[in-house]
Structure formats: C-alpha cells, structure tokens
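Please consider the classifications assigned to the structure shown here. Each question below asks for the grounds of a term, and each reply sets out the value and the criterion.

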Amino acid sequence: MAKKTQLDANGHRKFGMRDNLAYAAGDFGCNMSFALKGTMLIFWTQYMKMDSLVYAGLLLLVQVWDAINDPLIGSIIDIDKRKYKRGKFLAYVWLGSVGLLVAGAMCFIPWFNESTTVVKGIVFVAGYILWDAFYTIANVPYGSLLSLISSDPADRASLSAWRSVGSMVGNIVPMVLLPMLIYDPNDNIIGERVFIVALIMGIFGFISFQFMIRNTEIRVDYDVKCKEETAKFNIFKAMVNFIKNRPAVGATIAAMGMFVGMQGATAAVTVMFQSFFKNVQISGIVQLFAMLPIVFFTPLARKLVVKFGKKELSVVGTIFSVAACLIMLVVRITPDMKGILIYVLCQLINSLGMGIYSTVSWSMMGDAIDYNEWKHGSREEGTVYSLHSFFRKLAQGLGPSLALVIMVALGYSEVNGGNQLFTVALNMRYLVAGLYLFAALMQLVGLGLVYNLDKKKLEKMNEELAARHAQEAE
Amino acid sequence: MKKFVAILLVAVMLLSFASCGAINKSQVAVVWSNTSDAYLASMKNAIDRAFYIENIKADYYYSEDDVQKQSAHIIDILAKDCAVLIINLVEGTDAQEIVNLAKAKDVAVIFFESNVSEDVLNSYDKCYSVEINEDSLSEQRGKLIGNYYSDKKVLKQIDRNNDGKITYAVFGSVDAKVFESANLVLSAYAEKEELDEKDMKKLVAFEAGKETLDSENVEKSMSDLFKKYNDENKNTVEMIITEDDATALSVVKALQDKGFNSDKLKTHLIPVFTVGAYEDAKAFADTSTMKEEEIEEYIYTTINMIDDGLIAGTAMKDYDSQALAISAVARNIINGNAVMTDIAEENISGEKVVKIPYMSYAG
C-alpha cells in the first residue's frame with residue numbers, strides 16, 4: 001500500500017526532511033559551477049598565459065557587470081507576473097539549471113591559449129558573462145524560495161541549515177577531487193581537463209536542480225491579484241527599500257565581513273601552511289576538521305532557534321568567533337605541531353561561531369524579505385535577495401584581491417609561492433588571524449548592531465503579517 | 001552581553017601575557033660571514049624560524065666576508081650586555097682571538113659553519129660548535145641512490161639496455177661507502193619485496209661499466225660519453241653521479257640537449273644524483289610570463305629542479321636541524337640548563353660539539 005502524503009491545514013505537503021534535502025540539493029547544484037570559480041585565476045594566468053594585471057582588470061570589469069546583472073535579473077523576476085506550472089521561482093531555477101549545463105565550462109575554453117591577448121580577453125569576458133547570467137537566473141530565485149517554502153521560523157531555520165550542508169558538500173567534493181583531476185604530477189594545470197570537469201560538474205548540477213525542483217513545495221501564497229491600488233514595481237524604489245531594510249543590511253554586512261575575511265584568508269592560509277608550518281598536506285585536513293562544528297550544529301539548529309531566536313544565537317556564535325580570533329592573534333603560535341594544535345583549536349571555535357551564523361543566515365534573509373513587506377508593503381524578494389547576493393559576490397571577489405595586496409605589502413613574493421622567507425611566513429600567520437578577526441568583528445557589527453529582528457520583534461512581525469494576509473484574503 | 005564580552009577580553013589578555021617570556025634581543029648576537037651565499041641565506045632563514053620557536057630575539061651582524069668588519073662587530077657586541085655570541089667565521093679569521101675576547105667578558109660562544117679546531121674549543125669552557133657531520137655524506141649519498149631504486153617500476157627501468165649492468169658515470173669521485181650504503185638499502189628492499197634472482201642481480205651491478213668524467217668541462221665530457229654510450233651501440237648511460245650541484249645543472253643541460261630529462265612523463269630520464277641544494281637554476285625555470293623584477297626575486301634552485309623531476313636527488317646539509325641545535329644550545333646556556341639538553345644523543349660529539357648529519361632530498 002502506498003504511503004499517504006501528510007498534508008497541512010492548507011492542503012500542502014507537510015514540511016519535513018524532503019524539503020530540507022531538496023533545498024540542500026539546490027545549493028549543491030549552484031556550487032557545481034560556483035566551486036570552479038577559484039580555479040579561474042590559475043587557469044587564465046598559468047594555462048592560458050594571460051598577464052596577471054590584464055586578468056585582474058578584466059575580473060574587475062566583469063564584477064562591475066555583476067553589479068548590473070544581479071539586481072537586473074532580480075527585478076525581472078519580480079516584475080514577471082505570468083503564471084507558471086510549478087511557480088515562477090522554480091521556473092526560473094529550471095531555466096538557470098539548463099544554461100548551467102554548459103555555462104560553467106564556458107569560463108574554461110582551452111583552445112585559445114596561443115591566441116592574442118585581445119582574443120583571450122573576449123573569450124574570458126563572454127564566457128564569464130554567460131555563466132554569471134545563468135548562475136544568477138538560478139541562484140536568485142533559489143534564494144528567494146526560502147521565504148516561500150514555509151513561513152514558520154523553525155522551518156526556515158532548518159532550510160537555512162540544510163542549505164549550508166548542501167553548500168558544504170558542494171564545496172568539499174571539488175575541494176578534494178579537483179586538485180587530483182586537473183593538475184599533472186608537477187602541479188601544472190591541465191587546461192583541457194578543466195573544461196571537461198566543468199562540463200561533468202554542470203551535469204551533476206543539473207541533476208541536483210531537477211531533484212530540488214521536483215521536491216519543493218511552495219506553501220506561502222505570493223500571487224499578486226490585479227488591484228487598482230497595487231503599485232507598479234519600481235527598481236530604484238526597491239533598492240532604496242533595501243537600504244532602509246535594517247535586517248537586510250545587517251545580514252549583508254555580516255555576510256560581506258565573513259566573505260572578505262574568510263575568502264581573503266584562503267591564500268594567506270595556504271602560504272602559512274607551506275612556509276610557516278611547512279606542512280601543506282595537513283591544511284586540507286585542518287580545513288575539513290574546521291567544518292565539523294557546522295555538521296554537529298545543523299541538526300540542533302531548529303531547536304535552538306525556536307528556543308533562543310536567530311539573532312540571539314548568531315550573535316553569541318559571533319562573540320565566540322571574535323574571542324577565538326583574538327586568541328589566535330595574540331597567543332604565540334610556533335611553527336611546530338604545538339602551534340598547529342593551538343591554531344586548530346582556535347579555528348574550531350571560530351568555525352563554530354561562523355557556522356552558527358551561516359546555518360541561519362539564509363533564513364535571516366527570508367525574514368528580511370518579510371520585513372520588507374511589513375514595513376514597505378511589498379516583498380520584492382528578487383531585488384532584496386539579488387542585492388544581498390551581489391554584495392556577497394562582491395565580497396567574495398574583493399576579499400582575495402585585498403588580501404593579496406596586503407600580502408604583497410607584507411613581503412609576499414608571488415613567484416616563490418610556498419617558498420617564502422620565514423619573516424614573511426610569520427607575517428602571513430598574523431595576517432590570517434587578522435583577517436579572521438576582521439570577519440568576526442564585521443559579523444558582530446552586522447548582527448549585533450544593525451540586524452534588528454530579535455525573537456520578540458520577529459514574532460510581532462509574523463503575527464501582523466499573518467493578520468494582514470488574512471484580511472487581504474477576505 | 002557586555003559582561004560576557006568583558007570576561008572574554010580579560011581571558012584573552014591573560015592568555016597573551018602567558019605567551020611572553022622571550023629571551024631578550026641583547027642577550028644573543030649572531031655574526032654572519034655573509035648572507036649572499038645561497039646556503040647561508042637559507043641558514044639564516046632556518047635560524048629565524050628556530051629562534052622564533054625558542055622565543056629567542058637576537059641581534060644580527062653581517063661581516064660581508066671582511067675579517068676587520070667581523071672583528072669590529074664582535075668588539076661592539078662584547079661591549080654590550082650579551083650572553084651568547086653565535087658566529088659563522090669569515091675565512092682567515094683567528095678563532096682563538098675571538099674566543100679569548102669572549103672569555104674575558106664571560107660571554108659564551110657558539111661556532112657554526114666554521115672550521116674550528118678542538119684546541120680552540122677546549123680553551124674556554126663556554127665554547128661550543130654546531131657542525132655538519134662530514135662523515136655522514138657517503139652514507140646519505142648511498143641511501144639516496146638506494147631509496148630511489150627501491151621501487152619496482154624504477155627497477156624495471158634501471159637496466160635500459162637489459163645487459164645486466166647499471167652503467168653509470170661519475171663527475172669527480174664516489175667512494176665505496178656510497179655503494180655499500182646503497183646496496184644495504186636495496187637488499188632490505190629486495191628481502192621485503194621477495195624479489196627474484198634476476199632483479200636481485202641488477203641491484204648489485206653498480207660497480208660495472210662506470211665512467212669517471214671531468215667536472216671542469218662537463219659539456220665535452222657529456223659529448224664524449226654519448227659518443228660511446230648511445231642507443232646505436234645498444235649501450236646507454238643509466239645513471240650519473242656528481243659531487244656538486246653546479247656540475248649537476250650542467251649535466252642536466254647536456255642531457256636535455258640530447259632529449260633526456262625534459263619529458264614531463266619521464267620516459268627519457270637518466271637519474272642524476274648530486275650533493276648540495278642551492279645552486280641558482282633559474283635557467284631551467286619557465287620565466288616566460290614573469291616581469292624582470294619578478295625574475296630577480298624568483299628563487300629556483302637545485303631543490304626546485306628535484307621537485308620538478310629533472311634531478312633525482314641530492315645529499316645536502318640539514319640547515320633546519322643545524323639551526324634548531326644552535327637555538328637549543330643558546331637557550332640552554334641562557335637558562336642555565338645542561339648545554340646538550342634536547343639535543344639528539346647520536347648528534348652529540350664530546351661535551352662541546354654537535355654534529356648534524358647530512359640529509360637526502362628526493363622531492
């Protein structure tokens with residue numbers, strides 16, 4: 001006898017693990033192309049032999065395009081009032097997933113490595129724009145979906161936590177497997193293989209997205225009824241509303257801080273393990289180890305959020321991160337096993353703090369979208385989410401660039417890679433601690449001082465919105 | 001929340017105080033002969049690291065290979081509040097004179113990378129030396145070769161022309177201890193892998209077919225070598241040993257001109273074994289995408305050649321262990337511990353000398 005699907009009071013499938021797994025699959029799908037972004041610098045400068053400065057300039061250009069692309073696509077989604085079989089947002093995710101089958105590989109076309117700089121530049125920019133467009137078409141509505149799958153804060157916290165799991169798995173798999181597949185025994189990148197791997201990852205991404213689409217239930221009714229008094233969508237007004245949306249701004253500051261610090265620290269961490277600890281093999285294990293706190297925290301996220309509240313929980317986590325990073329900065333860490341152990345301990349506490357925030361971060365954006373509706377009368381999911389996404393991407397791009405500038409100022413010599421002088425290696429050790437501390441402090445500012453939806457206020461907001469929706473339905 | 005933050009900050013402050021206790025800068029002085037020498041530059045880097053581990057902050061002085069300058073530095077140092085003088089002598093320096101000056105001021109002396117006689121060391125009870133154990137060189141060279149061939153895949157490739165001999169060429173000389181040591185390693189490997197008699201025979205065939213070549217003219221020597229040993233004669237060189245890495249670089253250049261040691265898949269590889277690790281090998285690096293100032297900064301030495309598979313391996317001075325030994329001795333002197341505390345027993349030679357063995361590096 002077939003298992004009967006349990007329904008809630010509104011006739012929707014009851015929220016459960018299926019929703020969590022489906023939502024996690026979405027972020028996994030996104031990361032099947034996003035995870036390759038870190039390989040772009042090596043591919044274009046070492047394999048395609050593009051000059052580093054030219055690459056940096058073109059990267060800045062495409063980041064500017066990102067600034068236009070994200071809110072543009074977000075507003076297109078918001079303006080779109082057509083009816084779709086599975087709903088507007090899932091339809092856009094589907095469209096994005098089809099494009100991402102090949103768009104990720106378009107950033108790694110290997111056949112022009114003997115061409116002129118102009119040709120290479122055109123290939124790079126065209127490939128990146130194509131990838132960025134499809135990624136945004138999939139990612140923006142995907143992020144907005146959180147607020148539509150459930151209005152229950154506990155459910156949203158659960159979805160946010162599982163999104164982090166999907167993101168983590170989507171990052172770990174390439175982090176571990178990619179270096180084995182795309183480098184030769186002498187650590188040189190094999191360009192043709194990157195292209196093929198990107199295509200394969202695109203297929204996996206597409207499969208994940210299909211799983212997500214087929215197992216996602218939209219429970220929040222966002223249908224716009226054509227009323228005379230309904231205001232026309234205005235992109236500039238939506239952007240102004242974003243700036244006035246304290247939860248959105250607070251969550252964005254926290255996310256930006258996290259990415260500038262954490263992404264910026266990535267290169268410095270590698271050099272630190274190479275030149276300071278002289279043990280680069282252990283760095284992968286340490287990074288994996290540092291993800292453990294998130295794994296243990298995720299199943300508890302829902303219960304803790306219900307008990308303490310998202311803002312409260314994430315602020316406590318951030319305080320732990322600040323403390324761990326301060327210790328990392330001031331305590332003498334020696335380049336031996338004792339020093340590695342101190343570093344690992346600090347990283348575990350820092351990761352726990354960061355992890356608490358990252359598991360609830362997406363649901364915080366869901367609440368920020370509700371806040372938009374509460375304060376300004378319109379949800380503008382696409383614009384709110386896309387602006388948040390843009391600032392996150394900006395931080396992800398800015399972080400490594402800023403960190404590299406600081407590394408060079410501290411004596412880092414790019415050509416010598418992991419073979420740096422000890423005095424420089426020592427500077428990297430302090431830079432790593434400094435960057436992590438910066439990330440933690442920005443999170444504290446964003447979540448503790450700007451984000452204003454504590455448990456009490458969130459309850460009030462949800463009550464008032466529910467009453468408003470009930471009134472509109474009558 | 002404010003109380004919580006305050007408690008955390010106090011805890012962090014207390015922890016930071018706990019990590020103090022450094023040995024002061026003025027207590028330790030290091031006098032270098034020079035640091036333009038690639039080996040000494042690496043030695044300095046290793047000492048920076050070792051001193052950091054031991055929490056020793058030291059003053060550095062550079063003599064630029066000038067005996068007068070060195071003397072001036074030492075007089076300067078001894079006039080200040082110095083507890084330990086660590087010195088790498090400029091060639092031609094009278095070590096006894098320095099020891100006498102230090103003795104008069106009750107300053108301990110540690111020599112490194114200096115040829116100091118036993119008499120000089122014994123003339124002062126606080127005089128020590130951290131040296132390289134030259135006797136260990138042959139053994140390390142042998143172990144390097146033995147370990148390289150302790151691999152079934154490599155074993156199959158050793159005898160390129162299947163004549164039952166390992167035909168090798170030597171630039172300079174190689175003593176019998178090298179092959180004794182190599183064969184010990186290989187015998188142990190053979191026993192462990194239960195190799196058959198045919199493969200066992202190959203392992204002890206090093207002595208056969210050797211050629212001794214002139215290091216002064218590597219290009220001509222290699223050219224003559226290939227005239228005699230080539231595929232047409234069904235007789236090919238299967239291994240080359242050099243006494244220094246500068247020669248090894250010239251050998252690799254000559255091999256590459258003949259189509260060897262440049263294939264990334266290593267199908268045309270003649271293993272080259274050498275001694276030393278710091279020769280500038282930038283000519284072998286791909287600097288085509290680098291700017292001029294980057295090329296100047298770029299470090300590419302014999303060690304990088306080994307990492308890239310162009311040289312099989314080298315026996316080199318273990319500067320890391322030397323540096324750790326120097327810093328341990330300095331720390332023990334300052335803290336009033338027995339001088340040889342935390343020094344490996346096998347490296348202690350008498351009461352005043354630490355001898356660090358050569359190490360092998362194969363990538």
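Q: What makes strands β1 and β2 of chain B paired?
A: In this predicted model, 4 bridges join strand β1 (residues 28–32) of chain B to strand β2 (residues 59–62) of chain B, and the two run parallel. Among the positions involved, V31(B) stands opposite Y61(B), and A29(B) has D59(B) as its bridge partner.

Q: Which handedness does the crossover from β1(B) to β2(B) have, and through which helix does the chain pass?
A: The chain goes from β1(B) through helix α2 (residues 38–53) of chain B to β2(B), a β-α-β crossover that is right-handed. The term applies because, with the strands pointing away from the viewer, the path from the first strand over the helix to the second runs clockwise.

Q: Why do β2 and β11 of chain B count as edge strands?
A: The open sheet has 7 strands in the order β2-β1-β3-β4-β5-β12-β11 (chain B), with mixed pairing. β2 and β11 (348–349) of chain B each have a single partner strand, so one side of each is left without a neighbour in the sheet.

Q: Why is the pair Y128(A) and W131(A) called edge-to-face?
A: The structure holds 34 aromatic pairs over all chains. For Y128(A) and W131(A), the centre-to-centre distance is 5.4 Å and the angle between the planes is 70 degrees. The distance lies within 6.5 Å and the angle is over 60 degrees, so the pair is edge-to-face. Both residues lie in helix α5 (residues 117–149) of chain A, 3 residues apart, about one turn of the helix.

Q: How do you know whether Y128(A) and W131(A) are buried or exposed?
A: The relative accessible area is 0% for Y128(A) and 2% for W131(A). Both values are under 20%, so both residues are buried.

Q: What makes the pair F276(A) and F422(A) stacked?
A: The ring centres are 5.7 Å apart and the planes stand at 15 degrees. The angle is under 30 degrees, so the pair counts as stacked. F276(A) belongs to helix α9 (residues 246–276) of chain A and F422(A) to helix α15 (residues 422–450) of chain A, so the pair ties together parts that are 146 residues apart in sequence. F276(A) is buried at 0% relative accessible area, and F422(A) is buried at 4%.

Q: Why is the charged end of K375(A) said to sit over the ring of W374(A)?
A: The charged end of K375(A) is 4.6 Å from the centre of the W374(A) ring. This is within 6 Å, and the term also requires a position within 35 degrees of the ring normal, so both conditions stand behind the assignment. The charged end of R429(A) likewise sits over the ring of Y430(A), 4.1 Å from its centre.

Q: How do you know that chain A is as compact as a globular protein of its length?
A: Chain A has 16 helices and 0 strands. Its radius of gyration is 22 Å, close to the 23 Å that the globule rule gives for 474 residues, so chain A is as compact as a globular protein of that length. Of these 474 residues, 55% count as buried.

Notes
Residues numbered from 1 in each chain as written. Chains lettered and ligands numbered in written order. Predicted model: local features only at pLDDT ≥ 70, side-chain atom pairs only at ≥ 80, totals over all residues. Heavy atoms only, no water. Phe/Tyr/Trp six-rings, centres within 6.5 Å; stacked < 30°, edge-to-face > 60°. Buried < 20%, exposed > 50% of the residue type's maximum accessible area, 1.4 Å probe, protein only. Pairing = 2+ DSSP bridges. Rg over C-alpha atoms; globule rule 2.2 N^0.38 Å.
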